[in-house]
Amino acid sequence: EVDTNPDGNYGFCLTDSETEAKEDSSGWVMVAASIYSCSSCGNHLGAATDIVSRKFRGKFGPAVLIDKVLNVSYGEQIDRQLATGRHTIRTLYCGTCKNELGWTYDYAFEPDQMYKIGKFILEENQCKVVSS
């Protein structure tokens, strides 16, 4: 379920048995066993249970492909030639401190890359994993 937090940034309300999000006065807060958070400000970004793959590389080094994120904002759409082909992406920023975190895939020009559409890259050097 997609919703916006009080700052107008998009976030996901996760409701499966291992992960849920709830809204408080400061925005969305994630509750999960292990979560990804912004390395600069600690803002909750996504649940480790939503990782699709750990075999990605980003601008800053190792990265994960993840299904859902929250507490983020997006840059403008751009077409970019990546290692796996041409994609339309938007840069992903922390919704609190605007730290660059990775990107989201809006379109893939190669048929075998279409599975990435609507998913997100979180750069491991820009995030940290914390246990709740």
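How many bridges pair strand E10 (residues 85–94) with E11, and in which sense? Seven bridges pair them, in the antiparallel sense. The model is predicted: local features need pLDDT of at least 70, side-chain atom pairs count only at pLDDT 80 or more, and totals for chains, interfaces and linings use all residues. Residues are numbered from 1 along each chain as its sequence is written, and side-chain values use heavy atoms, without hydrogens and water.

View 1. Strands (E) are DSSP runs of at least two residues, numbered from the N terminus. Two strands count as paired if DSSP finds at least two bridges between them. Ile89 stands opposite Tyr105 in E11. Five residues lie between the strands of the E10 and E11 hairpin, and Lys98 there takes a positive phi near 70°.

**View 2. The open sheet of six strands.** The strand order is E7-E8-E12-E11-E10-E9, with antiparallel pairing. Strand E7 (51–58) and strand E9 (72–82) stand at the edges with a single partner strand each, so one side of each has no neighbour in the sheet. From one strand to the next, the twist averages 30°; angles run from 0 to 180 degrees between N-to-C directions, with axes fitted to C-alpha atoms. Strands of a sheet pair through backbone hydrogen bonds.

**View 3. Strand E11 and its partner E12.** Seven of the nine residues of strand E11 (residues 100–108) are buried, so the strand is largely enclosed by the rest of the structure. Buried means under 20% relative accessible area, exposed means over 50%, and partly exposed lies in between (1.4 Å probe, protein chains only). Three bridges join E11 to strand E12 (residues 120–123), and the two run antiparallel. Trp103 stands opposite Ile121 in E12.

**View 4. Thr104 and Lys119.** Thr104 sits in strand E11. Thr104 is buried, at 2% relative accessible area. The Thr104 side chain reaches the backbone oxygen of Lys119 at 3.0 Å. Lys119 is also the partner of Asp67 in a salt bridge, with the closest N and O atoms 3.6 Å apart. Asp67 lies in the loop between E8 and E9 and Lys119 in the loop between E11 and E12, so the pair ties together parts that are 52 residues apart in sequence. A salt bridge is a side-chain nitrogen of Lys or Arg within 4 Å of a carboxyl oxygen of Asp or Glu. Lys119 is buried at 17% relative accessible area, whereas Asp67 is partly exposed at 32%.

**View 5. Glu100 and Lys59.** The structure holds five salt bridges. One of them joins the side chains of Glu100 and Lys59 (3.2 Å, N to O). Glu100 lies in strand E11 and Lys59 in the loop between E7 and strand E8 (61–66), so the pair ties together parts that are 41 residues apart in sequence. Glu100 is partly exposed, with 22% relative accessible area. Lys59 counts as exposed, at 58%.

**View 6. The E9–E10 pair.** Nine bridges join E9 to E10, which run antiparallel. Gln81 stands opposite Arg86 in E10. Arg86 also meets Asp79 in a salt bridge between side chains (3.0 Å, N to O). Arg86 is partly exposed at 37% relative accessible area. Asp79 is partly exposed too, at 45% relative accessibility.

Terms used:
Helix = DSSP H or I, 4+ residues; strand = E, 2+ residues; numbered from the N terminus. Polar contact = N/O pair within 3.5 Å; in protein donor to acceptor, adjacent residues only side chain to side chain.
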